[in-house]
Amino acid sequence: HMEHRVKTFLQELFSPTVLVVTNESVDQICGLNDMRLIDILRRFSSVHFDNESYRLVTDSRAIRRDYIPLKFISPEDLELGSVHPSARNSFPSQIDLPPPEYFLANLSQEEMINEIQRMKVNNSLSPWFDQYRWELCNLIGLSDHEILSHPVVILSVLSTSDDQPIRARQKIFNPRSPPPYFPNYMDPEVLHITVLIHDCQDETVSDEEAKRRLLLLRRTYKNTVVLNLNSLQEKAVGDYFDVPTHLSNDDLKSVISFTKSCVKGMINFMKENIRS
């Protein structure tokens, strides 16, 4: 039993990381169940297969897995574990840096005034602290353990209630101009999947309009899938959650199928990149 627990622990520790980025409309849809989308996905993070095997390189040894655990993280999780200066709160004490006065002395009077004003707005520790912190992080560099949280898949999630889906999708995550929480040492050119959530409780969006917005998205983002949620008019306890939700068993079976497609898409993406 101990060997199995250790094996499971290591598999989950080194499991592929999936970054889940949602917008406000998706948060409202999942909020009807007192959950976030990432809470729903984490319930199905262990993706099971029927003794499936795959090869990353032709003629290489076949890799067999009964299941592949996925590690779903939010932008907040990514920022907390990042080397990015805005997220790092503690530093090694023995670092050969100039004293704080060095940065203070090299500011002009105008820069000093601007720094003090910015300090008041951002509640910084001192006028020189931001620059000092950047220098410190540049010296520290990247810690090995931080690569464990490098996403291999990024889910950009919006809803059919977004009347301008292309613009809404662009605001969620643009790999050409990643958001501030995405560390600059991470590669944004990973597998991107666009997820369109359709709230079955929302009577303002017809099925026809939802399909139209899905087709519109797929013209620009070919790797787009749709998930129906909140199919139950009244909350009930289903097969997957112990608390009453609006999520039907069919809703959640589609989520399970989606997580499997994420793993297969990730493997195919890795194969293509290894060949190239």
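Mentor: Let us begin with a term: buried means under 20% relative accessible area, exposed means over 50%, and partly exposed lies in between (1.4 Å probe, protein chains only). Helices (H or I, at least four residues) and strands (E, at least two) are DSSP runs, numbered from the N terminus. This is a predicted model, in which local features need pLDDT of at least 70 and side-chain atom pairs count only at pLDDT 80 or more, while totals for chains, interfaces and linings use all residues. Residues are numbered from 1 along each chain as its sequence is written, and side-chain values use heavy atoms, with hydrogens and water left out.

Trainee: Which residues point one way from strand 6, and which the other way?

Mentor: L191, I193, V195, I197 and D199 point one way, whereas H192, T194, L196 and H198 point the other way, and all are buried. In a regular strand the side chains alternate between the two faces of the sheet.

Trainee: Why is strand 6 described as largely enclosed?

Mentor: Nine of the nine residues of strand 6 (residues 191–199) are buried, so the rest of the structure largely encloses this strand.

Trainee: In what order do the strands of the open sheet run?

Mentor: The order is 4-1-5-6-7, five strands with parallel pairing; two strands pair if DSSP finds at least two bridges between them. Strand 4 (71–73) and strand 7 are the edge strands, each pairing on one side only. From one strand to the next, the twist averages 30°.

Trainee: How many bridges join strand 6 to strand 7?

Mentor: Six bridges join them, and the two strands run parallel. I197 has L227 as its bridge partner in strand 7. Strand 6 also pairs with strand 5 (residues 151–159) in the parallel sense, over seven bridges. There, I154 stands opposite H192 of strand 6.

Trainee: What does the chain pass through between strand 5 and strand 6?

Mentor: The chain crosses through helix 8 (residues 165–172), and this β-α-β crossover is right-handed. Right-handed means that, with the strands pointing away from the viewer, the path from the first strand over the helix to the second runs clockwise. Strand 6, helix 9 (residues 207–220) and strand 7 make a right-handed β-α-β unit as well.

Trainee: Which strands does helix 2 lie across?

Mentor: Helix 2 (residues 24–31) lies across strand 1, strand 5, strand 6 and strand 7, and runs at about 80° to strand 5. Axes here are lines fitted to C-alpha atoms, for helices over the stretch in contact, and angles run from 0 to 180 degrees between N-to-C directions. Helix 9 packs on the sheet too, touching strand 5, strand 6 and strand 7, and its direction makes about 170° with that of strand 6.

Trainee: Let us turn to T194. Is T194 buried or exposed?

Mentor: T194 counts as buried, at 1% relative accessibility. Contact means heavy atoms within 4.5 Å, and residues touched by T194 include S156, L158, L217 and Y221, not counting residues up to four places away in sequence.

Trainee: With which side chain does T194 make a polar contact?

Mentor: The partner is the side chain of R169, at 2.8 Å. A polar contact is a pair of N or O atoms within 3.5 Å; within protein, one must be able to donate a hydrogen and the other to accept it, and residues adjacent in sequence count only if both atoms are side-chain atoms.

Trainee: Where is G238 found?

Mentor: G238 is in the loop between strand 7 and helix 10 (249–275), and is partly exposed, with a relative accessible area of 32%.
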